[in-house]
Amino acid sequence: MALTAFCLSRNKQNKFLILGLAPVFLMFFLIESQSAQIALIVGAFVYFLFPISKSYAWFGSFVFIVVCIVCAPFIVKVGFRILPADIYDYHLLQQSFVGHRFEIWNFVITQVFESPLLGHGVEFTKNYDGFKTEGRFLMYNTVLHPHNFIVQTWIEVGLVGVLSACALIGMVFKFLHGLEDMFLKRAALTMFLTIIFVACFSYGMWQSWWLGLIFIVAGIFCASHKIVKT
């Protein structure tokens with residue numbers, strides 16, 4: 001939400017705005033949400049280092065995202081196999097859910113191969129209790145959602161849904177690339193890529209508060225775009 005505040009202010013030198021955001025940034029170091037902390041790091045990386053004026057960077061980023069989405073079933077399988085059994089012995093990962101996430105993604109993806117074209121239907125994981133887990137990091141085989149929007153797209157709507165998602169992401173990229181205001185373009189791309197990144201390991205696609213937050217942020221950016229144009 002920090003970037004949306006900057007967009008509305010239209011003045012990055014506003015001392016009162018920076019002062020008001022200080023507690024927000026402090027919160028990231030006090031909370032236990034690793035998703036929020038990673039989002040801050042990724043957002044800062046994209047905002048300050050992404051070559052916003054280079055078309056090849058936009059195209060390369062889009063291609064990279066599409067390849068990851070389409071190849072996700074195989075990436076998950078390989079990642080789960082090479083994940084060290086002592087992953088939680090590393091200090092930085094002791095409070096994380098890396099092993100749990102990969103275990104969930106692995107048994108969900110295994111089921112994906114049973115119906116790869118059309119998937120198994122919306123919220124399939126919520127009602128299905130026949131997943132076969134290897135029990136390396138997680139002993140139970142039920143899950144409300146895969147904690148990964150790519151894996152969830154594969155299991156629910158299959159390749160058809162995955163290709164549709166790629167097309168939608170492409171449309172968003174095209175729209176953002178066409179923005180004339182460079183600050184708004186950089187802020188909007190940062191927010192979009194951060195949302196995609198967090199959605200890859202944290203929340204279910206249909207969680208109402210998560211969808212609500214995305215729509216709120218999108219609405220603020222759309223309003224900012226109209227203000228800039230006028």
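1. In this predicted model, R81 is an exposed residue, because its relative accessibility is 52% and the cut-off for exposed is over 50%. R81 belongs to helix 5, which covers residues 72–82. The student may wish to locate this residue before reading the next point.

2. The side chain of R81 forms a salt bridge with the side chain of E134, at 2.8 Å from N to O. The count of salt bridges in the model comes to one. E134 sits in the loop between helix 7 (124–127) and helix 8, so the pair ties together parts that are 53 residues apart in sequence. The relative accessible area of E134 is 40%, and this residue is therefore partly exposed.

3. Apart from neighbours within four places in sequence, N106 is in contact with V76, K77, F80 and E134. Is N106 buried or exposed? N106 counts as buried because its relative accessibility is 2%, and buried means under 20%.

4. The next two points concern pairs of helices. Two packed helices are described by the angle between their axes and by the distance between those axes. For helix 6 (residues 98–112) and helix 8, the axes come within 9 Å and cross at roughly 30°. Helix 6 is therefore roughly parallel to helix 8, since angles under 35 degrees count as roughly parallel. The crossing of these two helices is left-handed. On the side of helix 6, the residues that meet helix 8 are W105, V108, I109, Q111 and V112; their partners in helix 8 are V151, W154 and I155. By class, this contact holds seven nonpolar residues, one polar residue and no charged residues.

5. Helix 8 (residues 149–177) also meets helix 9 (residues 182–199); their axes come within 12 Å and cross at roughly 175°. How are helix 8 and helix 9 oriented, roughly parallel or roughly antiparallel? The two helices are roughly antiparallel to each other, because the angle is over 145 degrees. Helix 8 contributes F149, I169, V172, F173, L176 and H177 to the contact. Helix 9 contributes K185, A188, L189, F192, L193, I196 and A199. The residues of this contact divide into 11 nonpolar, one polar and one charged.

6. In summary, helix 8 is roughly parallel to helix 6 and roughly antiparallel to helix 9. E134, in the loop between helix 7 and helix 8, is joined to R81 by a salt bridge and is in contact with N106.

Terms used: Residues are numbered from 1 along each chain as its sequence is written. This is a predicted model: local features need pLDDT of at least 70, side-chain atom pairs count only at pLDDT 80 or more; totals for chains, interfaces and linings use all residues. Side-chain values use heavy atoms; hydrogens and water are left out. Axes are lines fitted to C-alpha atoms, for helices over the stretch in contact, and angles run from 0 to 180 degrees between N-to-C directions. Helices (H or I, at least four residues) and strands (E, at least two) are DSSP runs, numbered from the N terminus. Angles under 35 degrees count as roughly parallel, over 145 as roughly antiparallel, 65 to 115 as roughly perpendicular and the rest as oblique. Contact means heavy atoms within 4.5 Å. Ala, Val, Leu, Ile, Met, Phe, Trp, Tyr, Cys and Pro count as nonpolar, Asp, Glu, Lys and Arg as charged, and the others, Gly among them, as polar. A salt bridge is a side-chain nitrogen of Lys or Arg within 4 Å of a carboxyl oxygen of Asp or Glu. Buried means under 20% relative accessible area, exposed over 50%, partly exposed in between (1.4 Å probe, protein chains only). A crossing is left-handed if the near helix is turned anticlockwise from the far one by less than a right angle, and right-handed if clockwise.
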